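Here is a short briefing on the structure shown below.

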Amino acid sequence: MTRPMERTAGRGPAEDPDIGDVLAAQADRAAFATLYRRYLDRVYGYCFYLLGDHHDAEDATERTFVAALGAIDRYRDEGSTFRAWLFRIAHNQLANALRARSRHRTASLDDVPEPMATVNDPARLAGIADEARRLRAAVAALSDERRQVIVLRFVDGLSAREIGEVLERSEGAVRVLQHRALRDLATLLEPEG
Amino acid sequence: MTQPQSAAERLDRAVDGVLDGLSPVAAAAAAGTGPAGRPLVLLAGELRAGLATPPVAARFEERLGARLAPALHGRAPVAWAIRHPGRLLVTGAVGSAVGVGVTAYAVWRSTRRSGAAHRLLHR
């Protein structure tokens, strides 16, 4: 399992942790491999949580990296972090994939592995797995936009500002979406009865 | 530091704390979410712990690596080779090294996966 990466919440673009690697990739495309390795899991995770299907997520991930490599020369550090730019490309690929679907998503997110646990008690491990399944089912039941915010925030570790750049919403709007998504999840996770 | 104005801003600040490794209780207290917001911060802690990044299939990584490798070499090969014939060998060697590197990375990744995660990918 990969944990959310370091965040840049509230930080300026000058502190984009990837900018050195981006400049290197613009000077020599071979250096893009570093960015590819860093973000493959996370972009794939974003695509999978939104599409709920491994094959569709692979297609969207492939298109994202091919597009990013083709456009890396045009990336400019103008207030956005590289990863917000990259996830914006992924978001556009997801929008295309979702539009192309004539059916509703079949996502049960059952194939996502359980979080890595550091306990050895089988009963405790089973409890952790059940809880993770419950969380994923609730996330899958959210509207597309609220699910995007939850996944980008908690799986990919983006800040509200970065998510706003990905979704083309204001930072404040993302915070409100996050608030509503968490309230929805709390309702969905309430014990029945 | 100014106090966040809205409940959504206070919650976002608390989520920042949770994602930075604070306990949900401490993050809620630091952000001043109040009793109404505290359950949502606790839920944020559960999400942080419970949502995993799904593993990437090894064969997909290999396919994508192979697709990206020529683009990583850059340049229009024929015209550039005609203009710079002396650099062709160097470019070929570097390009091959990049391709080998991407493939080796994919192979290395495939070998370090846990058995359980790997089985999930053989669908």
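This is a predicted model: local features need pLDDT of at least 70, side-chain atom pairs count only at pLDDT 80 or more; totals for chains, interfaces and linings use all residues.

A:E168 is exposed, with 9 other C-beta atoms within 10 Å. Residues are numbered from 1 along each chain as its sequence is written, while chains are lettered from A and ligands numbered from 1 in the order in which they are written.

**The A:E168 site**
- A:E168 sits in the loop between α7 (160–167) and α8 (171–188) of chain A.
- Its phi is near 60 degrees, a positive value in a residue other than glycine.

**Fold of chain A**
- Chain A has eight helices and zero strands; these are DSSP runs, with helices (H or I) of at least four residues and strands (E) of at least two, numbered from the N terminus.
- Of the 193 residues in chain A, 42% are buried.

**Nonpolar core**
- The largest nonpolar core has 69 residues; such a core is a set of buried Ala, Val, Leu, Ile, Met, Phe, Trp, Tyr and Cys residues joined through C-beta atoms within 7 Å.
- Helix α2 (residues 32–51) of chain A gives the largest share of this core, 14 residues.
- Residues with the most contacts inside the core include A:Y46, A:L86 and B:A14; a contact means C-beta atoms, placed from the backbone, within 7 Å.
- Beyond its neighbours within four places in sequence, B:A14 contacts residues including B:A27, B:V41 and B:A44.

Definitions and conventions: A residue is buried if 20 or more other C-beta atoms lie within 10 Å of its own, exposed if 12 or fewer, and partly exposed in between; C-beta atoms are placed from the backbone. Two residues are in contact if their C-beta atoms, placed from the backbone, lie within 7 Å.
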